[in-house]
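Colleague: I would like to go through some of the labels on this model. Tell me what stands behind each one.

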Amino acid sequence: MNRLTRYILAAIFGGLTVVLLCAAYTSESLKKKKTACSGIEVCVLDSSINGFVGKERIIGCIAGKYGNPVGRPLSGLDIAAIEKTTDSLSAVRKSEVYVTKDGILHVSLTQRTPVLRFQKDSIGLYADAEGVLFPLQPGYTAHVPIIDGNIPLNVGKDFQGRPVTGRERQWTRQIIGLVSYMRDGGIWLKNIVQIHVDEKGDLILIPDEGREKFIFGQPDSIEEKFRKMELYYTSIVPDKGKDFYSTVNLKYDGRIICRK
């Protein structure tokens, strides 16, 4: 077989391949246009950790924005828009929406995992480890530390996202660091039952036992302040006895100021 013949056969084979591929694509496109959405499957990947969103809420969200997709042609579903809608739910961290050949619309998602809750008067907001705030959710309450009182965040009850100003973002990060340190320490998160922000902006830590209130000050020098709190329990309490002091001030460098 000479070179010209080989070129001709290769060209014919290539042309047939393109025709077959185009035919297959056209057939698949026509099939997709005829295939209707037969149902919705929702998979919450971290449902064992949090219960903020479930199948009913996701389906209701999609239906409220676009109508019921079941029975509609798959070709008419705007998958990107549906995914954007499910992502917009405040408790959803990330969702993925896709359809399968059997006509099922699949929604797979992960939720935001709160590490603490801010309570400012009637306004309650969760914060996750990334510093993103999101509202309390109907039907489910996460068991996380609560910081209440004069929270220095200018936000409303439906706020979603990171705090607006740099100072607010920094304070939020510091509070998250404080709670993380308490959790990693093993005993502090269990023994501190309330964290209150007073009118001066100082954090007041209240343990589950004893009448002491620990004036922590700003959420900085965290390791040093907890070291002083430990020193109070190991050195001062054995000498003075339980409930001898009512306030223990930890916010000044190198000092523990106790008052009856």
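Modeller: Start with threonine 172. Apart from neighbours within four places in sequence, threonine 172 is in contact with Phe118, Gly131, Leu133, Leu153 and Pro163. This is a predicted model.

Colleague: What makes those residues contacts of threonine 172?

Modeller: Contact means heavy atoms within 4.5 Å. Phe118 and Pro163 are among the residues that meet this for threonine 172.

Colleague: Why is threonine 172 called buried?

Modeller: Its relative accessible area is 1%. Buried means under 20%, so threonine 172 is buried. Threonine 172 sits in helix 4, residues 166-185.

Colleague: Now valine 132. Where does valine 132 lie?

Modeller: In the loop between strand 5 (123-128) and strand 6 (133-135).

Colleague: Why does valine 132 count as buried?

Modeller: Valine 132 has 5% relative accessibility. The cut-off is under 20%, therefore valine 132 counts as buried. Leaving aside neighbours within four places in sequence, its contacts are Arg112, Tyr126, Ala127, Gly161 and Arg162. Arginine 112 is 20 residues away along the chain, with 8.9 Å between the two C-alpha atoms.

Colleague: What is the volume of the largest pocket?

Modeller: About 310 Å³. The pocket has 15 lining residues, and Asn191, Pro207, Asp208, Glu209 and Tyr233 are the closest to its centre. Helix 5 (188-191) and helix 6 (222-240) each give two or more residues to the lining. Helix 6 has the largest share, four residues.

Colleague: How does the lining of the largest pocket divide by class?

Modeller: Six residues are nonpolar, three polar and six charged.

Definitions and conventions. Residues numbered from 1 in each chain as written. Predicted model: local features only at pLDDT ≥ 70, side-chain atom pairs only at ≥ 80, totals over all residues. Heavy atoms only, no water. Buried < 20%, exposed > 50% of the residue type's maximum accessible area, 1.4 Å probe, protein only. 1 Å grid on protein atoms, 1.4 Å probe; cavity = no way out; pocket = protein on both sides within 12 Å on 5 of 7 lines; lining within 4 Å. Points joined across faces, edges and corners; volume = space filled by probe spheres on them. Nonpolar A, V, L, I, M, F, W, Y, C, P; charged D, E, K, R; others polar.
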